[in-house]
Amino acid sequence: MEDNILDIESIDKVKVEKAKSIVEYKIKQLREATPNIRYKHDELAEVEINKFFYESEIIDRAMIVLRANGCEHYKHNGGCSMCSHFNGTDRHTRITTDDYKRQWEKVRNGIEIKGNKRFDLNNYSVVCVYNLGSLLNENEISSEAVKYIFNSLNVYEGVKKVIIESRAEYVTEESIKNIFDVYKSGIVEVGIGVESTNKLIREVCHHKGIDDLTEINKAVDILHKYNFKALAYINFKPIFLTEQEAIEDAINTAIDCFNMGFDAVSLEPTSLQNYSLANYLYQLGEYRVPWLWSIRDIVQGIYDRKNKEKLDIRIGGYFDEEVLSGSQGSGFENKNEIFPHMTSLNCDKCSNKFIECIKKFNMTYDINELYKVDKCDNCYKIWKDTKKIKDMRNIVERVYDIMGEKYEY
């Protein structure tokens, strides 16, 4: 990266705050335009099955998404620039503790699984429990509901690991002990959205609302105190970055996260959901989702810098899900209200081939799988040329140029 372009200390603080306010203003406009649908509170948002690599084996992972009250950052500040998971929440009335319990019992009973497919949590070594926000935030889901879910998981001997998500500030002694005191059967891993360790990128491009890394470091320490695992989510290619800047930022962030003590990192290439700022800029022609080729550069860069044979690096995205339940037919092509309409891609000729390599990488952690795609004569050179594009404006100037002249603030 060019010196100072992405360095927050080199830019006037007033201008940085102005850029953040411009981003937040537009995000909130988009949120106000989002349809507010009355979802059934006792029905799940989604149950899906996908492949996962666990303890040197390829297993089926169950991902359970609760119909929830939604991310508090979204409610108060508009949320992150790339996310529209709030589309799947009901803002008319609050989902109660009893609602959450009823949803969870449908998971346990296998109710509403499509095609009358037999569903038993015991068949899945890894179970993810998500709530379209922070499972550790009392204002989003009560500690009583969380305790109820984890206490019930004790009876499933087949479940070896449970993965949840939370913003760092909600990873507290109290919230972790609430789970630790009742769940004794398996490993708990908490995914935390770090996105970027570059403050300017994190606050302006992602609109993350994490001023420094103190809360994140503290969260990792608390998780390890209770023998929980810490997983860092890294959003690859936020708005306002060039492809090469985004690649380098993802590599730097992953290295920082491993150095902070995270046990694993998950690269999350930006996908496009309706009513997100990333999607809005895509519609204006000011954004392109990341290239799949770039994902290989990132993983290789992390390995080169860490100089280790094996690292727990995962590549996220909607690449291989079997949706068994959920969706009330209000989202993209009436499939699911939280599905993106576009994910990271190359061209029509090679995208599916590369995605197959990503699936195999996620199953094996073998970086060689990402090199089993021949250089595509349709798009490889275009991607290489795209990486050469430089933008000499700093991030604040980009925000002003792309958004500032179009609106009154």
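A: The average pLDDT of the protein is 89, and 91% of the residues score at least 70, where pLDDT is the predictor's confidence in each residue on a scale from 0 to 100. This is a predicted model, in which local features need a pLDDT of at least 70 and side-chain atom pairs count only at pLDDT 80 or more, while totals for chains, interfaces and linings use all residues. Residues are numbered from 1 along each chain as its sequence is written, and side-chain values use heavy atoms, with hydrogens and water left out. Over residues 325-335 the pLDDT stays under 50; for that stretch the model has 30 contacts beyond four places in sequence, a contact being heavy atoms within 4.5 Å.

Turning to the strands, helices (H or I, at least four residues) and strands (E, at least two) are DSSP runs numbered from the N terminus. Strand S4, residues 161-165, has four of its five residues buried, so it is largely enclosed by the rest of the structure; buried means under 20% relative accessible area, exposed means over 50%, and partly exposed lies in between, with a 1.4 Å probe and protein chains only. Strand S3 (residues 126-130) pairs with S4 in the parallel sense over three bridges, pairing being assigned if DSSP finds at least two bridges between two strands, and valine 127 stands opposite valine 162 in S4. Between S3 and S4 the chain passes through helix H4 (residues 143-153), and this β-α-β crossover is right-handed; that is, with the strands pointing away from the viewer, the path from the first strand over the helix to the second runs clockwise.

S4 also runs parallel to strand S5 (residues 187-193), to which five bridges join it, with isoleucine 163 opposite glutamate 189 in S5. Here the chain crosses from S4 through helix H5 (residues 173-180) to S5, and this β-α-β crossover is right-handed.

Another pair of strands is antiparallel: S1 and S2 are linked by nine bridges, and valine 47 stands opposite isoleucine 64 in S2. Eight of the nine residues of S1 are buried, so S1 is largely enclosed by the rest of the structure. S1 and S2 form a hairpin with two residues between them, and glutamate 55 in the turn has a positive phi of about 50 degrees. Serine 56 is found in the loop between S1 (46-54) and S2 (57-65), where this non-glycine residue has a positive phi of about 65 degrees, and serine 56 is exposed, with a relative accessible area of 64%.

A positive phi is also found at histidine 207, a residue other than glycine, with a value near 55 degrees. Histidine 207 lies in the loop between helix H6 (199-205) and helix H7 (214-225), and is buried, with a relative accessible area of 4%.

As for the cysteines, the structure holds zero disulfides, a disulfide being a pair of cysteine sulfur atoms within 2.5 Å. For cysteine 80 the closest cysteine sulfur, in cysteine 83, is 6.4 Å away, too far for a bond, and cysteine 80 is buried, with a relative accessible area of 9%. Cysteine 347 is likewise in no disulfide, the nearest cysteine sulfur, that of cysteine 376, being 3.6 Å away; cysteine 347 is buried, with a relative accessible area of 15%.
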